[in-house]
Amino acid sequence: MEYLLNAPLEEIFDFKTPPYEIPPKARIYPSIKCEICGEYAGEHRIRLKDGKKVCIDCFGE
């Protein structure tokens, strides 16, 4: 345990460039207020129910 806490990082870890590409940035969706419960949800999680914009929980009820 003492060795791991005091050893130089280069002796414990192998630093190199990863063999894969960095993933693209996440898409950010605007928040929309549910017309039934009043909570906000990301635009991609909103559904239409009887002409109202509702969250997934209210949509399933």
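Here are a few friendly questions and answers about this predicted model.

The model is predicted, so local features need pLDDT of at least 70 and side-chain atom pairs count only at pLDDT 80 or more, while totals for chains, interfaces and linings use all residues. Residues are numbered from 1 along each chain as its sequence is written, and side-chain values use heavy atoms, leaving out hydrogens and water.

Me: What pattern does the protein follow along the sequence?
Reply: Helices (H or I, at least four residues) and strands (E, at least two) are DSSP runs, numbered from the N terminus. The protein has 3 helices and 4 strands. Read in sequence order, they give α-α-β-β-β-β-α.

Me: Is Pro-24 buried or exposed?
Reply: Pro-24 sits in the loop between α2 and β1. Buried means under 20% relative accessible area, exposed over 50%, and partly exposed in between (1.4 Å probe, protein chains only). Because its relative accessibility is 76%, Pro-24 counts as exposed.

Me: What distance separates the C-alpha atoms of Pro-24 and Ile-36?
Reply: Along the chain, Pro-24 and Ile-36 are 12 residues apart. Their C-alpha atoms are separated by 34 Å.
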